[in-house]
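Please read them with the coordinates open.

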Amino acid sequence: MRLRFLSVGALVCASALMSCQREKMELRPAPAQVAVFGEAARESDLQPGGALPPVTNPDHGEANAISEGQRLFSWYNCTGCHANGGGAIGPPLITSNWIYGGEPSNLFDTIVKGRPNGMPAWGGRIPEYQIWQLVAYIRSLNGLEPKSATPERQDHLETNPETRRYQPGEANR
Amino acid sequence: MRARTAALALAAAGGCGTSNQSALDPAGAQSQGIAALWWFFLTLLGAIFVIVMVMTLLPLLRGPRNAGEPRLTRVVGGVSVVTLLLLFGLVIVSVITGRATAGNTPPGRHLAVEVTGNQWWWAVRYLNDDPSRIVVTANEIHVPVGTPVLIRGLSNDVIHSFWIPNLQGKRDLIPSRITTEWFEADKPGRYRGQCAEFCGLQHAHMALWVVAEPPEQFEAWMEHQLQPAAAPPDALTRRGGEVFLSHACVLCHAISGTAAAGQVGPDLTHLASRLTIAAGTLPNNKGNLAGWITDPQSIKPGNHMATVPLEPEDLQALLAYLETLR
Amino acid sequence: MSVSTEWRTHVAGEEGERHELERAWSERGGIAGWFSVTTHQAIGKRYIITAFIFLLLGGIEALLMRLQLARPDNGVLGPEKYNQIFTMHGTTMMFLFAVPMMEGMGVYLVPLMLGTRNVVFPRLNAFGYWMYLAGGLLLYGAAFSNTMPAAGWFSYTPLSGPQYSAGKGVDVWAQMITFTEISAMCVAAELIVTIFRLRAPGMSLARIPLFCWSMLIQSFMVIFAMPAVMLASTVLLLNDRTIGTHFVNPAEGGDPLLYQHIFWFFGHPEVYIIFIPALGMVSSLIEAHARRGVFGYPAVVLSMVANGFIAFGLWVHHMFATGLPQIAEAYFTAASMMIGITSAVQIFCWIATLWTGRLRLSAALHFVFGFIFIFVLGGMTGIMLASIPLDLQVHDTFFVVAHFHYVLIGGALFPLFGAFHHWFPKFTGRMIDERIGKVTFWILFTGFNLTFFPMHVLGLHGMARRIYTYPAEMGWGPANLLATIGAFTIALGGIIFMINVVRSMRAGAPASEDPWEAGTLEWAASSPPQNYNFVHLPVVGARYPLWADAAERAVVTGMRSDRREVLVTSGMEAEPEHRLVLPRSTPWPFLAALGFTIGLVGSVFSFSWYFISAALGAIGLIGWFWPHQPVEIDP
Amino acid sequence: MTPASALDVGRLRPYEISNRAPLWWGQVILCAIEGSMFCILIAIYFYLRLRVDVWPPRGARLPDAAIASWALAPLILSMAGSYMASEAAKKDSRGGMIFGLAANLLLAGVFLVLRYLDWRGLNFNWASDAHGTVVWTILFLHTFDVVADLLMTLVLMIIIASGRYGPKQRLGVHVDSVVWYFLVAIWLPLYAVIVWAPRILGGGQ
């Protein structure tokens with residue numbers, strides 16, 4: 001009796017959990033997402049009246065996608081201008097003050113089409129799924145992705161200004 | 001899959017020797033020493049194992065013995081002392097072999113090769129005091145027979161382990177550290193190696209080949225590798241070169257002599273001269289290359305090569321161009 | 001009439017005392033009662049059953065892996081699933097099966113063997129079990145909701161670090177370790193004190209049953225090894241992942257190898273934590289089925305103690321390939337081979353016992369012979385692995401996979417199956433079918449060797465471990481197919497064993513108190529034992545009290561039977577010192593464990609949950625320790 | 001029928017308040033667990049120290065030696081309170097127990113205030129670099145243990161003060177003192193490591 005009760009309970013719990021797919025890992029991008037946009041294609045496709053329709057990032061909250069975005073961020077040399085998010089030649093990406101908007105659709109648009117004064121257009125180069133990964137990563141830098149999907153640190157020099165109240169190399173007291 | 005098997009078999013047969021990636025088929029002094037040690041251990045410990053088993057099973061065949069406890073104590077004590085001495089001997093033999101086969105730097109003149117582990121491929125640089133004579137390649141190491149080769153191991157991401165069983169034991173490649181080991185190939189041949197430390201999704205497909213050649217042949221290979229990529233000879237391959245430079249390829253790969261200087265993926269300057277693509281995953285031929293470029297994630301799921309859609313004509317041109325990178 | 005019955009019948013007024021004992025030791029019924037149980041037999045059984053369920057889960061994972069590897073370029077599992085499954089397999093077998101199973105056997109058997117009524121800290125015992133269960137549920141709960149670790153059971157950084165293992169799988173893994181280690185440490189603490197202080201009067205150190213010695217040594221190892229893994233997983237790994245500490249980040253002065261050192265400082269002793277209790281079981285089994293005491297008792301005890309010490313000096317042999325100074329390498333080679341001596345001495349003593357004993361070729365003894373065969377073979381490959389040049393070739397290959405399955409399955413699972421057949425009558429009150437037991441043995445033995453022997457060859461021929469597939473031209477296909485067939489043979493053996501258990505529990509012949517005519521005290525209790533184990537605690541005058549002359553036997557009188565009372569004796573000679581009143585059953589250990597669990601599960605997501613964990617746990621502990629009325633203890 | 005040989009233990013005491021009580025043994029074992037954890041932490045500290053030339057990194061402010069050293073005084077004195085309480089527990093002196101526990105709590109409180117001041121002065125945190133990580137870990141774990149034990153002490157004091165206590169609670173007071181001795185004793189090497197080791201073995205300053 002007790003055994004039956006327990007086993008039924010275990011089954012119910014297990015199936016409830018199974019329906020909850022916490023982390024998605026799709027190694028092969030969906031065919032619809034490997035498209036590469038020319039600037040024009042993007043313009044005509046998504047911006048009929050000038051205003052951007054609300055687009056949700058398919059990778060929102062996906063830990064694996066954010067991690068991949070982080071890799072791409074340095075591999076595609078975004079760090080060359082934006083450093084690790086703090087900004088250098090390019091504007092900082094850890095910011096609340098987005099020049100071209102910080103919504104996923106804005107960021108997507110910025111990456112695809114480029115922006116004046118140096119931001120190149122990546123639309124013709126890299127496939128859509130990677131752009132979404134980059135968008136997810138950039139938003140994770142600002143805490144706009146769930147904390148549970150955002151890595152707390154990376155295997156390089158500490159960049160968070162909150163963690164250290166001295167300049168490395170400053171003389172000891 | 002069958003085609004792939006046949007192709008690799010052919011590739012192996014075309015070389016001077018075949019490799020079954022085995023520690024028991026040594027092709028160098030180091031692996032020979034280790035293999036000898038292995039056979040010694042196996043014989044001795046195997047004999048001991050058989051004796052112990054016979055002693056264990058004997059009481060099943062005959063009734064209980066009425067040995068006096070003092071006698072039993074002497075026997076067990078004696079056997080234990082013999083075990084101690086044997087193990088002591090094994091430690092000595094093992095340490096002597098270790099000294100002979102390992103060591104951090106080879107004696108005398110040697111070839112220094114820097115191997116950097118990446119998820120999931122090997123970057124290879126032949127070090128040279130003259131920067132213009134540094135050869136960069138990937139997933140394939142050519143070495144001259146009879147010259148010690150020093151491997152300088154690095155890693156760009158996680159811990160990998162460099163292992164060519166036919167030549168030497170393994171050495172971990174650890175981020176932030178430099179590890180070294182050296183080996184010397186005695187027989188010309190092609191020896192397969194594989195990452196031996198679990199490094200993530202495609203740990204299984206992180207292989208490399210060591211090609212041991214007679215010194216002259218090696219020198220010729222080296223000279224050829226030092227050349228930049230040849231200019232595309234015809235319209236189709238020229239177009240292929242443009243495809244390469246205008247798509248995502250150029251973001252990650254370098255081809256010396258062109259504007260492509262990406263440092264993220266393997267250097268492709270002499271891609272067509274290599275035995276395999278995708279770190280030993282597929283034999284290097286046009287069909288496999290086409291499949292790999294079109295849909296890398298179905299061949300090696302999880303690898304970091306982007307899936308880039310190409311028009312069929314662009315793909316054909318790109319393949320033709322890559323085929324020229326001999 | 002077996003001699004042991006006399007032990008309990010020569011005190012006047014026994015019936016009355018028995019009634020009182022039954023009342024004092026009875027457990028409340030119902031769901032609330034079920035969560036309040038603190039008797040060692042019940043907790044021990046829960047450990048054993050839970051661990052067995054995890055063994056089945058780990059076994060299913062093993063079969064999935066073997067299916068994937070059965071032929072080259074197979075597509076049963078993709079790389080991500082394969083990596084997750086081998087991580088779950090290793091983690092389950094090490095942390096959720098092997099250690100808790102040994103703890104469970106210890107919790108069940110040690111008080112019986114020592115001639116006492118319960119472990120000395122019954123509530124801590126219950127708390128430990130609930131923490132273990134919570135850890136297992138956490139790992140599998142997360143796994144079923146698609147959050148699985150995939151960094152291997154030792155989770156090397158930086159692969160397991162924040163940058164290369166996205167998601168919460170590794171965090172769950174790290175915190176699961178915390179749960180199981182807390183549980184192991186609870187059991188270790190209570191078993192050490194139980195073995196030192198609750199022994200039957202007269203049971204001096206030289207009369208402690210060998211299984212109890214093995215649990216004592218194992219418990220000490222737990223105490224010094226487990227803090228290392230808690231630091232490695234919970235502090236180094238989890239804090240690096242969740243609050244951004246830099247223990248293993250080389251850019252800020254950390255070092256990935258630090259994690260390896262700390263992990264293996266635990267990881268190597270862990271292996272001995274698993275098989276030292278198994279060695280104790282083997283000694284018990286041989287004694288009972290060779291019908292004589294183990295030859296060289298002091299040598300066996302000292303070897304186990306030496307094993308325990310040496311085990312802490314070997315961890316670097318897991319790291320030979322990282323490139324260490326040669327002098328260190330020579331030391332660790334020598335130390336690793338020395339463990340061969342201490343193990344060999346025990347094997348020799350057992351062989352001497354078998355030579356001079358009157359063997360009863362029971363199923364349990366079959367498993368002992370299987371154990372010697374497999375374990376000695378695993379020991380031989382262990383000596384090979386201690387040699388650095390050989391290790392550098394076979395490290396991280398299937399040779400190592402074969403080696404540690406030989407020592408762990410051979411060294412722990414075979415003795416365990418032998419122990420199940422041996423103690424089954426004590427656990428259930430019925431005899432297990434010996435014939436089917438022997439069939440089980442032969443199937444398991446054949447399947448085991450079929451699975452793992454070819455792996456030695458595969459490793460030498462270059463098959464690295466943890467690869468999810470391999471190309472056909474490597475020539476590894478046939479041996480792998482053989483291994484897969486072997487794995488399913490093992491599964492068949494497991495199924496037959498379970499059928500045998502269920503059948504025998506229902507319809508087995510009723511067991512007497514001492515069906516094997518064994519010599520240790522657990523066989524003086526009824527089968528299955530009452531909650532209080534013995535109506536009168538025995539007084540011991542020999543190492544094998546049940547084999548001693550009836551004239552030498554005595555019992556303890558003057559204990560109160562209307563409350564849960566045990567006798568505390570001195571640590572060395574076991575002279576009576578004082579009586580100890582154990583607490584009644586209570587739900588507080590469960591509630592405290594629940595509090596800690598809520599907080600620790602939260603801490604997978606945010607560090608601040610540690611404080612919630614502490615607060616909730618503290619509420620549980622205060623409830624646990626709050627004085628009961630009456631507070632005074634009558635003499 | 002009386003047994004031929006029976007060992008009558010009826011006259012033995014039903015409890016024991018001394019180092020012979022099993023609870024005391026159990027507590028010593030828990031201290032051994034904690035102790036081995038802190039030993040490994042010290043090993044980690046020196047392992048990380050040996051990885052770099054300059055320790056701590058230039059600019060990082062070490063824990064203030066003066067405050068940390070002065071804080072030892074109330075900490076060590078508080079052991080006397082613990083000792084008094086445990087002796088009073090053996091003699092069943094309620095006043096003695098309350099006084100001892102209160103002294104223990106009070107002095108430990110002073111110590112915690114000093115530690116707070118010292119800790120507040122650090123210009124790095126756990127995520128600054130490896131030095132920050134290991135110093136914060138040591139401080140956090142030790143403080144966590146201290147606070148947990150003080151809470152336990154407080155609860156015990158409330159129970160004793162309420163008068164509803166028996167031998168089990170008196171044993172609790174006795175055993176509690178062991179934990180406190182341990183936490184004080186383990187702090188001495190930890191203090192030497194985080195305060196003095198970098199000053200003596202820092203290098204490059």
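This is a predicted model: local features need pLDDT of at least 70, side-chain atom pairs count only at pLDDT 80 or more; totals for chains, interfaces and linings use all residues.

1. Helix 2 of chain B and helix 3 of chain B deserve a careful look as a pair, for their axes come within 9 Å and cross at roughly 170 degrees. Because an angle over 145 degrees counts as roughly antiparallel, helix 2 of chain B is described as roughly antiparallel to helix 3 of chain B. The crossing in which helix 2 of chain B passes helix 3 of chain B is left-handed.

2. Which residues bring helix 2 of chain B and helix 3 of chain B together? From helix 2 of chain B come B:Gln30, B:Gly33, B:Ile34, B:Leu37 and B:Phe40, and they meet B:Val93, B:Ser94, B:Thr97, B:Ala100 and B:Thr101 of helix 3 of chain B. Sorted by class, this contact has five nonpolar and five polar residues, and no charged ones.

3. Turning to the chains, five pairs touch, and the most contacts among them are between chains B and C. Here 63 residues of chain B are in contact with 68 residues of chain C. Helix 1 (2–14), helix 2 (29–61), helix 3 (69–101) and strand 7 (171–173) of chain B each supply at least two residues of the side that touches chain C, and the largest share, 14 residues, comes from helix 3 of chain B. By class, the side of chain B that touches chain C holds 36 nonpolar, 21 polar and six charged residues.

4. Chain B and chain D, by contrast, do not touch, and their nearest C-alpha atoms are 11 Å apart.

5. In chain A, helix 5 (residues 104–113) is mostly covered, with eight of its 10 residues buried. The buried residues of helix 5 of chain A are A:Pro104, A:Leu107, A:Phe108, A:Asp109, A:Thr110, A:Ile111, A:Val112 and A:Lys113. Just after helix 5 of chain A, A:Gly114 adopts a positive phi of about 75 degrees.

Technical notes:
Residues are numbered from 1 along each chain as its sequence is written. Chains are lettered from A and ligands numbered from 1 in the order in which they are written. Two residues are in contact if their C-beta atoms, placed from the backbone, lie within 7 Å. Helices (H or I, at least four residues) and strands (E, at least two) are DSSP runs, numbered from the N terminus. Ala, Val, Leu, Ile, Met, Phe, Trp, Tyr, Cys and Pro count as nonpolar, Asp, Glu, Lys and Arg as charged, and the others, Gly among them, as polar. A residue is buried if 20 or more other C-beta atoms lie within 10 Å of its own, exposed if 12 or fewer, and partly exposed in between; C-beta atoms are placed from the backbone. Axes are lines fitted to C-alpha atoms, for helices over the stretch in contact, and angles run from 0 to 180 degrees between N-to-C directions. Angles under 35 degrees count as roughly parallel, over 145 as roughly antiparallel, 65 to 115 as roughly perpendicular and the rest as oblique. A crossing is left-handed if the near helix is turned anticlockwise from the far one by less than a right angle, and right-handed if clockwise.
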